[in-house]
Amino acid sequence: MRIIRLTTITPHCYKLDTMSELVRFGISLERKLLARFDRLIRETNYPNRSEAFRDLIRENLVKKEWMEGKEVAGAITIVYDHHRRQLVNKLTNMQHDFHELIVSSQHIHLDKDNCFEIIAVKGEPKRIEQLAYKMRATKGVKHGSLTMATTGKELV
Ligand code: NI
């Protein structure tokens, strides 16, 4: 397979500001893979390859934060029918059991029957997952998801 070089390797650095330093480095990869990457970049509106690479790296660092049990942030969303017996009570009790994680929550009445809740959380990944899975698995909850984000403290 033919490997092509993305940029010329110019091992020079320069100060951008007092907080971060930009380093330029070269990457070799298969032409086909690069073509697919460039197409992905265009489709997802990245201004250039560098910004797309940065986000790929950040994404992996955030995954690592979740795996390592560092303090993370996230959002739990659930959709449910509030007419279901005891459901609102159950979901409220769960949130009280995990109150130390919950930063804020928003309840939206989607229509006559359906409620949409967005719960912003911050804390230990395992606890956050416990709460998210518990809510999602509750009978009557039609949809539940967990967005794994970061406190951003260790990212540039
Ligand atoms: Ni509602």
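**Close-up 1. Contacts of Met-135 in the predicted model.** Residues are numbered from 1 along each chain as its sequence is written. In this predicted model, local features need pLDDT of at least 70 and side-chain atom pairs count only at pLDDT 80 or more, whereas totals for chains, interfaces and linings use all residues.

**Close-up 2. The largest nonpolar core.** A nonpolar core is a set of buried Ala, Val, Leu, Ile, Met, Phe, Trp, Tyr and Cys residues joined through C-beta atoms within 7 Å. Buried means 20 or more other C-beta atoms within 10 Å of the residue's own, exposed means 12 or fewer, and partly exposed lies in between; C-beta atoms are placed from the backbone. The largest such core has 12 residues: Val-72, Ala-73, Ile-76, Leu-91, Phe-98, Leu-101, Ile-119, Val-121, Ile-128, Leu-131, Ala-132 and Met-135. Two or more of these residues come from each of strand E5 (72–81), strand E7 (114–123) and helix H4 (125–136). H4 gives the largest share, four residues. Helices (H or I, at least four residues) and strands (E, at least two) are DSSP runs numbered from the N terminus.

**Close-up 3. The buried face of H4.** Ile-128, Leu-131, Ala-132 and Met-135 are the buried residues shown in H4. Seen down the helix axis, the buried residues fall within an arc of 95° (taken from the directions from the axis to the C-beta atoms), so they line one face of H4. They pack against E5, H3, E7 and strand E8 (141–148).

**Close-up 4. Strand pairing around E7.** Strands pair if DSSP finds at least two bridges between them. E5 and E7 are antiparallel, with 10 bridges, and Ala-73 stands opposite Lys-122 in E7. Strand E6 (residues 102–109) also runs antiparallel to E7, joined by seven bridges; here Ile-108 stands opposite Phe-116. Four residues lie between E6 and E7 in their hairpin.

**Close-up 5. Positive phi at Asn-45 and Gln-86.** Asn-45, a residue other than glycine, has phi near 65° and lies in the loop between helix H1 (31–43) and helix H2 (49–68). Asn-45 is exposed, because 8 other C-beta atoms lie within 10 Å. Phi of Gln-86 is also near 65°; this residue sits in the loop between E5 and helix H3 (87–97). Gln-86 is exposed, with 11 other C-beta atoms within 10 Å.

Terms used:
Contact = placed C-beta atoms within 7 Å. Lists of a residue's contacts leave out its neighbours within four places in sequence.
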